[in-house]
Amino acid sequence: MDISVIIPLYNEDESLPELYSWIERVMKENSFSFEVIFVNDGSTDHSWEVIEELSKTSDHVKGIKFRRNYGKSPALYCGFEQAQGDVVITMDADLQDSPDEIPELYKMIKVDGYDLVSGYKQKRHDPLSKTLPTKLFNATARKVSGIRNLHDFNCGLKAYRLDVVKNIEVFGEMHRFIPYLAKNAGFDKIGEKVVHHQKRQYGKSKFMGWNRFVNGYLDLITLWFLGTFGKKPMHVFGFLGTIMFLIGFLAAFYLGASKLWALSQGIPMRLVTDSPFFYIALTMMMMGTQLFLTGFLGDLISRSSQGRNDYQIEKVI
């Protein structure tokens with residue numbers, strides 16, 4: 001199969017028939033063999049009924065229905081598991097991503113040899129409350145990830161080599177950082193394509209506000225730490241713990257040695273426990289020990305929970 005198109009959605013029943021018709025037309029014009037996997041993320045409207053109707057009229061339509069709303073990352077994770085095409089395309093269901101971009105994205109993967117190609121919506125039709133945080137966030141993501149050529153990490157329109165989606169794990173809200181995840185997994189040929197951004201025709205955006213901006217930074221810090229120390233937590237916690245313990249130990253040793261020297265010289269000196277430096281040294285030693293143990297335990301559980309990506313799927317077409 002040439003292409004798998006994965007479309008996560010939440011309450012987008014109005015746009016789905018038009019979106020699928022558009023995708024089908026593009027695929028047939030370019031003689032692609034394809035499948036379209038709709039992942040219904042707990043929609044409360046008639047989205048699932050629309051997907052069922054589409055599946056009755058086309059063998060290319062597949063569907064996954066979550067029992068409740070989990071988020072975009074779990075939807076992509078389950079879609080990636082089902083994908084069979086040589087090239088995997090992800091796009092949003094709101095008709096803001098154009099299926100006309102698919103042939104060129106396919107070419108960039110199959111002919112130009114990219115592992116991942118991310119869309120770049122150079123001219124956006126979004127309010128300032130969404131575009132400004134996005135620009136700030138992407139600037140930080142470029143710096144932290146080292147992927148300098150991407151302007152829009154979170155663009156929903158992306159193309160992947162099948163090996164990429166089978167070897168990365170998208171969880172939590174890490175869909176924002178799929179290029180970074182791919183790079184950490186060894187797929188470093190990452191490209192970008194300027195894509196057309198259309199105005200939303202139905203409903204309203206599900207992703208608005210500064211809370212999304214703040215959460216993105218928190219996830220970026222998490223991903224940086226996991227990518228750098230995730231498989232060797234002892235290297236960071238053990239190192240910091242050892243340094244803190246040694247500083248505390250040397251400070252306590254100095255206080256004790258000073259006391260003994262003063263006694264040997266017959267010089268009156270107050271109790272060691274009367275000095276605030278004694279308690280600072282003791283606290284440093286305790287914190288150092290705790291950090292060291294944190295690193296040791298982190299090494300033991302560095303293989304995360306097996307149930308982290310266990311989602312309740314009600315039905316699969």
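Student: How many cavities of 30 Å³ or more does the structure hold?
Tutor: In this predicted model, the structure holds 1 cavity of 30 Å³ or more, and the volume of the largest cavity is about 80 Å³.

Student: Which residues are the closest to the centre of the largest cavity?
Tutor: Lys72, Leu76, Cys155, Gly156 and His175 are the closest to its centre, out of 13 residues that line the largest cavity.

Student: And which elements give two or more residues to that lining?
Tutor: Two or more lining residues come from each of α3 (72-82) and β6 (158-161).

Student: How do the lining residues divide into nonpolar, polar and charged?
Tutor: The lining of the largest cavity divides into 6 nonpolar residues, 4 polar residues and 3 charged residues.

Student: You mentioned Cys155; is it buried or exposed?
Tutor: Cys155 counts as buried, since its relative accessibility is 3%, and Cys78 is also buried, with a relative accessible area of 6%.

Student: How many disulfides are there, then?
Tutor: The count comes to 0 disulfides, where the rule asks for a pair of cysteine sulfur atoms within 2.5 Å.

Student: OK, salt bridges next. How many does the structure hold?
Tutor: The structure holds 12 salt bridges, and one of them joins the side chains of Glu52 and Lys315, with an N to O distance of 3.4 Å.

Student: Where do Glu52 and Lys315 lie?
Tutor: Glu52 lies in helix α2 (residues 47-57) and Lys315 in strand β8 (residues 313-316), so this pair ties together parts that are 263 residues apart in sequence.

Student: Are those two buried or partly exposed?
Tutor: Glu52 counts as partly exposed at 23% relative accessibility, and Lys315 likewise counts as partly exposed, at 38% relative accessibility.

Student: Buried or partly exposed, for each of them?
Tutor: Arg161 counts as partly exposed at 24% relative accessibility, whereas Asp115 counts as buried at 13% relative accessibility.

Student: What about Lys107, which residue does Lys107 form a salt bridge with?
Tutor: The partner of Lys107 is Asp112, with the closest N and O atoms 3.7 Å apart. Lys107 counts as partly exposed, at 37% relative accessibility, and Asp112 counts as partly exposed too, at 33%.

Student: Which residues are linked in a network of salt bridges?
Tutor: A network of salt bridges links Arg25, Glu29 and Asp100.

Student: Changing topic: how far does helix α9 reach?
Tutor: Helix α9, which covers residues 233-264 and has 32 residues, reaches 46 Å from its first C-alpha to its last, and this is close to the 46 Å expected at 1.5 Å a residue.

Student: Which residues of α9 are buried?
Tutor: The buried residues of α9 are Pro233, Met234, Val236, Gly238, Gly241, Met244, Gly248, Leu255, Lys259 and Ala262.

Student: And what comes just after α9?
Tutor: Just after α9 there is Gly266, which takes a positive phi of about 70°.

Student: Which residues have a positive phi although they are not glycine?
Tutor: Asn11 has a positive phi of about 55° although it is not a glycine, and Ser31, also not a glycine, has a positive phi of about 55°.

Student: Where are they, and how exposed?
Tutor: Asn11 has its place in the loop between β1 (3-9) and α1 (16-29), and with 22% relative accessibility Asn11 counts as partly exposed. Ser31 lies in the loop between α1 and β2 (34-40), and with 63% relative accessibility Ser31 counts as exposed.

Student: Last one, Met284: which helix is Met284 found in?
Tutor: Met284 is found in helix α10 (residues 276-300), and Met284 counts as partly exposed at 21% relative accessibility.

Student: What separates the C-alpha atoms of Met284 and Phe249?
Tutor: Those C-alpha atoms are separated by 8.1 Å, with Met284 and Phe249 being 35 residues apart along the chain.

Terms used: Residues are numbered from 1 along each chain as its sequence is written. Side-chain values use heavy atoms; hydrogens and water are left out. Buried means under 20% relative accessible area, exposed over 50%, partly exposed in between (1.4 Å probe, protein chains only). On a 1 Å grid over the protein atoms alone, a cavity is a set of points where a 1.4 Å probe fits but cannot get out, and a pocket is an open set with protein on both sides within 12 Å along at least five of seven lines; lining residues have an atom within 4 Å of a point. Grid points are joined across faces, edges and corners, and a volume is the space filled by probe spheres set on the points. Helices (H or I, at least four residues) and strands (E, at least two) are DSSP runs, numbered from the N terminus. Ala, Val, Leu, Ile, Met, Phe, Trp, Tyr, Cys and Pro count as nonpolar, Asp, Glu, Lys and Arg as charged, and the others, Gly among them, as polar. The expected span of a helix is 1.5 Å times one less than its number of residues. A salt bridge is a side-chain nitrogen of Lys or Arg within 4 Å of a carboxyl oxygen of Asp or Glu.
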